[in-house]
Amino acid sequence: MILENLCNEIGISGHEEKIRKIIYNEISNTVNDIRVDTLGNLYAYKKGKNNKHIMLCAHMDEVGFVVKEVLDDGAISFASVGGIDSRILPSKSILIGEQRIPGIIGVKPIHLQTEDERTKVIKEEDLFIDIGTNSKEETLKYVNLGDYISFNSRFEFLTNKIAKSKALDDRVGCSVLIEILKQNFECCIIAVFTVQEEVGLRGASVAGFNLKPDYAIIVEGTTASDVSGVEEYEYITSLGKGPAISILDGGSYSNKELVSKIVDSANKNNIKFQYKKGTTGGNDAGKIQISDSGIKTAVISVPCRYIHSPSSVINIEDYENTKKLVQTVLSEIK
Amino acid sequence: MWYNIQYHLEGGYILDIKEVLEQLTNTYSASGFEHKIIEQLKESFKPYCDEIIIDKFYNFYAIKKANLPNPNSRKLMIACHIDEVGMMVKEIDKSGFIKFVAIGGVDAKNLPAKEVLIHGASTIKGIIGAKPPHLIKPDEKDKVIPIKDLYIDTGYDYDELIKVVKIGDTITYQAHFTELKDNKFYNKSMDNRASVATMLEFLVSMKNLLHSVDIVCCGTVQEELGLRGAMISSYNISPDVCVVIDGAFANTHGLSKGGIFKYFQGPAIAVGPNLHKNLTNYMIDIAKSEAIPYQIDVEEGNTGTDAWAIQISRQGIPTLLLSIPLGYMHSDIESIVIDDLKNTAKLLCKFTTNIGERIEKLYDIRESM
């Protein structure tokens, strides 16, 4: 399954090569042209029959960490790449670098903690990775400063509909784009797989340059907080209610005309959808919209619980409906 | 057969202890649910003992009779707890999320985004979740989310979930046996399966050694809940001497004060009021004379292990404690080094082959003067 392969591969911001390779292998013989820019963004052009150009966008990178320093006893000090809540870090398993060296973020056993320590969140700078070595010299045989670090978590289905994995944000987007590119549409498609979204929409900042599409649709993974202890009005998005259409988020106000087309298409084709009920979070649209002389953007997202953790959860039907919605919108562009 | 038995160079049998450890730590038996590990223990220990007994609390006893004359029927008990920390289903809310409580000392810090297994009518996987960070109030940002505010997400709807899971079902960490550098391994429940693997390696080695005491290898239940199995089993066996094997805190990063032990330096032999001074000194002498690495664990009072209960069982039982250096205790990434397990088993063998005579002296009042 394409989504599974994408999720199981490692591509921390700044190190998207392996993801780019999977994408290239999937689409190279179904598109007219492919190029990669100096930042690493992958652009795929698919000609259609009419004159409309639609830009589709998804980011290839995932949140993770880097090796910051190696201490005298061999322990590794690390820094997060992208936004990771430090409360999820204690006792997690990770993999370092090309060799996927296994390691663990270990903390002091509960028996040795003071009452104060038991209730206080440990900051990232006070956490360390143990790869089993005993000295700085030994650790440096296996690991270099700056090596990327990923959560050690495999894609798997919990039920026949619900899947858990790391990096669903935004391999769901990459997977939708790949599947779309394997189909044919009347309009021309420019699919852009961006880099470094998680560290400040860096790839997106240059992706819109000189493309001049009629519209751009960004396909993302977004927060679903439809969980225990949260009031319904705080859900943002919910699993099982279909793709989430953004109106306004931390980075951009979606183009009303485009959103209207998307909503009409969903209604016409009986595709379940929801609105993203919250204005938090940013994504590539924030930069693409103000690229060049301005691009009309909209964001369609797959709801993800526990986003930016090793165990993010989606409803695969939401993924399928997201893909379907992008399909119908593209088919209706005249 | 669970694992490869390789021929030892000198003609005996040795175990592939790494494989044993993997099998044991991949089995799920939270406190109170130890019946889950009994079949595996039976199969593992059966070839090396004369009799296996399981009592009504699922304490496990593998008995190997003395192969030298034992006129006074002296018994040496080796005790390891076979339970692990875990959680239990407290409530299933209408959206299908599971609220839970801890069984044993589980640190709430380790739980968010953790993969767990719920052992209901069938075993299903869940993810431990909490209120997302963007919904946390500023004054709550630095506080660890307590267990009562966590929940488990299985992906099931309420109606489907209640067919499989009910209140009281046990929950454990997902096992993930992994090798690190330096022959170190991590998984859940190294506390105390590492000791059980050590006890098996000891029993396998004893098959070809002479001993004048009956050996009872005992897997005790519910240690994490208050040494319950230890109380019951030591009463049942009434041994002359008991050696408890458990885990000790290894010197992982940031830990260095007293009571912390080094990987590769062998078992930590405990000294203090909970342990029998004379026999403990004897254990230390054997380690020295046989050049087996060891460390000293100073325990000024309650050792926090089965030894505390066993020492005052029945008329009192001389007790010793050997601890294996173990990192990140009570998490699902508990770490040990294979060398330490092997050295602990070796020390136990040397102790057992020579203990007969010392036991007789225990009952001689002149010895305590």
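Which side chain does A:Arg305 meet in a salt bridge? The partner is B:Asp153, with 2.7 Å from N to O. By salt bridge I mean a side-chain nitrogen of Lys or Arg within 4 Å of a carboxyl oxygen of Asp or Glu.

A quick word on what you are looking at. This is a predicted model, where local features need pLDDT of at least 70 and side-chain atom pairs count only at pLDDT 80 or more, while totals for chains, interfaces and linings use all residues. Residues are numbered from 1 along each chain as its sequence is written, chains are lettered from A and ligands numbered from 1 in the order in which they are written, and side-chain values use heavy atoms, with hydrogens and water left out.

Back to our pair. Helices (H or I, at least four residues) and strands (E, at least two) are DSSP runs, numbered from the N terminus. A:Arg305 is buried at a relative accessible area of 10%, and B:Asp153 is buried too, at 2%. Buried means under 20% relative accessible area, exposed means over 50%, and partly exposed is in between, with a 1.4 Å probe and protein chains only.

Over all chains, the structure holds 30 salt bridges, so let me pick two others. In B:Lys125 and B:Glu115, the closest N and O atoms are 2.6 Å apart. B:Lys125 is in strand S9 (residues 123-129) and B:Glu115 in strand S8 (residues 115-119), both of chain B, so the pair ties together parts that are 10 residues apart in sequence. Both partners count as buried, B:Lys125 at 14% and B:Glu115 at 15%.

Then there is B:Lys361 with B:Glu357, at 3.8 Å from N to O. Both lie in helix H8 (residues 338-362) of chain B, four residues apart, about one turn of the helix. Here B:Lys361 is partly exposed at 35%, and B:Glu357 is exposed at 57%. Shared partners also link A:Glu156, A:Lys164, B:Glu115 and B:Lys125 into one network of salt bridges.

Now, is A:Ser91 buried or exposed? A:Ser91 is buried, with a relative accessible area of 1%. You can find A:Ser91 in the loop between strand S5 (76-81) and strand S6 (93-96) of chain A. Leaving out residues up to four places away in sequence, A:Ser91 touches A:Ile105 and several residues of chain B, including B:Asn110, B:Lys114 and B:Asp332. Contact here means heavy atoms within 4.5 Å.

Finally, the nonpolar side. In soluble globular proteins, nonpolar side chains tend to be buried together. A nonpolar core is a set of buried Ala, Val, Leu, Ile, Met, Phe, Trp, Tyr and Cys residues joined through side-chain atoms within 4.5 Å. The largest one has 62 residues, and B:Phe45 and B:Phe351 touch the most other members. Helix H4 (residues 190-206) of chain B gives the largest share of this core, 10 residues. Beyond its neighbours within four places in sequence, B:Phe45 is in contact with residues including B:Ile52, B:Phe60, B:Val196 and B:Cys217. Apart from this core lies another of 53 residues, among them A:Val219, A:Leu258, A:Ala298 and A:Tyr319.
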